[in-house]
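The sequence and the coordinates come before the discussion.

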Amino acid sequence: MEGNLLTTTAALAMEVTLSYVSKGDFVIDATCGNGHDTICLAEAVGDSGCVMAVDLQKQAIQKTEELMNEAGIRQFLTVQGSFLHLQKYMEETGEDRKPSAAVFNLGYLPGGDKTVTTKAEDTLESVKKALSLIKTGGIVTVVMYPGHPEGKRELEMLLSWAETLPPKIYHTVYVSFPNQKNNPPQILWITKKK
């Protein structure tokens, strides 16, 4: 990876996530947005793996499909719908492998309508479900954006919940950037212990 990882929150989040992903794995991009995380995940799982990319917005699904097709990547599924239904989408697509990773990049679609954003209660429920779906030794990654009111609620709810996770089963890591101005993005990682 080029550059300084500590200056790009999403890149740092992805770099740690990829250390839990192997060729042939199944992974979930629960908020695919413009497809940048999806393509990183697809490259990591290789031709024998698969990425399920989910987003509520049609524009996000279209951009993700365009990006993947331009890169010649075929090992992906896209689902336009709520991230609350990850297990249902897995069942509908016939995917029976447990995911090694689930990635959430919260907030609103970059370049899209800023009034359409992830909601705290739905996000918490979806992250809980993703944590129940991932395989032992897997990871859930959440990039949070507290610079808008709903993003702040998401951060508070997710961190309060993460504190309650049993340490014998889960390991949680929270990263913030205390000297950055204007509510910088923050990261929560949760791993399911072996």
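The buried residues of helix α2 pack against α1 (9–18), β1, β2, α3 and β4. Here buried means under 20% relative accessible area, exposed over 50%, and partly exposed in between, with a 1.4 Å probe and protein chains only; contact means heavy atoms within 4.5 Å. Helices (H or I, at least four residues) and strands (E, at least two) are DSSP runs, numbered from the N terminus.

The model is predicted: local features need pLDDT of at least 70 and side-chain atom pairs count only at pLDDT 80 or more, while totals for chains, interfaces and linings use all residues. Residues are numbered from 1 along each chain as its sequence is written, and side-chain values use heavy atoms, with hydrogens and water left out.

**Helices**

In α2, 7 of the 10 residues are buried, so the rest of the structure largely encloses this helix. Those buried are Asp37, Thr38, Ile39, Leu41, Ala42, Ala44 and Val45.

Helix α3 has Ala60, Ile61, Thr64 and Met68 as its buried residues. Seen down the axis of α3, these fall within an arc of 95 degrees, so they line one face of the helix; the arc is that of the directions from the helix axis to the C-beta atoms. An α-helix has 3.6 residues a turn, so residues three or four places apart point the same way. Exposed Lys58 and Glu70 sit on the face of α3 turned away from its buried side. The cover over the buried residues of α3 includes α2 (36–45), β2 (50–55) and β3 (76–80). After α3 comes Gly72, with a positive phi near 75 degrees.

In α5, the buried residues are Ala120, Thr123, Leu124, Ser126, Val127, Ala130, Leu131 and Leu133. Among the elements that cover them are α4 (86–93), β4 (101–105), β5 (139–144), α6 (149–162), β6 (170–175) and β7 (186–192).

| Helix | Residues | Number of residues | Expected span | C-alpha span, end to end |
|---|---|---|---|---|
| α3 | 58–70 | 13 residues | 18 Å | 18 Å |

**Single residues**

Lys192 lies in strand β7. Lys192 is buried but has no salt bridge, and the nearest side chain of opposite charge, Asp25, is 14 Å away. A salt bridge is a side-chain nitrogen of Lys or Arg within 4 Å of a carboxyl oxygen of Asp or Glu; Lys and Arg count as positive, Asp and Glu as negative, and His and the chain ends are not counted. The Lys192 side chain does reach the backbone oxygen of Leu131, at 3.1 Å. Not counting residues up to four places away in sequence, Lys192 touches residues including Ser132, Ile134, Ile169 and Tyr170.

Thr31 is found in the loop between β1 (26–29) and α2. Its relative accessible area is 11%, which makes Thr31 buried. Thr31 and Asp55 are 24 residues apart along the chain, and their C-alpha atoms are separated by 5.1 Å. The Thr31 side chain reaches the backbone nitrogen of Asn105 at 2.7 Å. Beyond neighbours within four places in sequence, the contacts of Thr31 include Val54, Phe83, Val103 and Thr118.

Asn183 belongs to the loop between β6 and β7. Its phi is near 50 degrees, a positive value in a residue other than glycine. With 47% relative accessibility, Asn183 counts as partly exposed.

Methods. Expected span 1.5 Å × (residues − 1). Polar contact = N/O pair within 3.5 Å; in protein donor to acceptor, adjacent residues only side chain to side chain.
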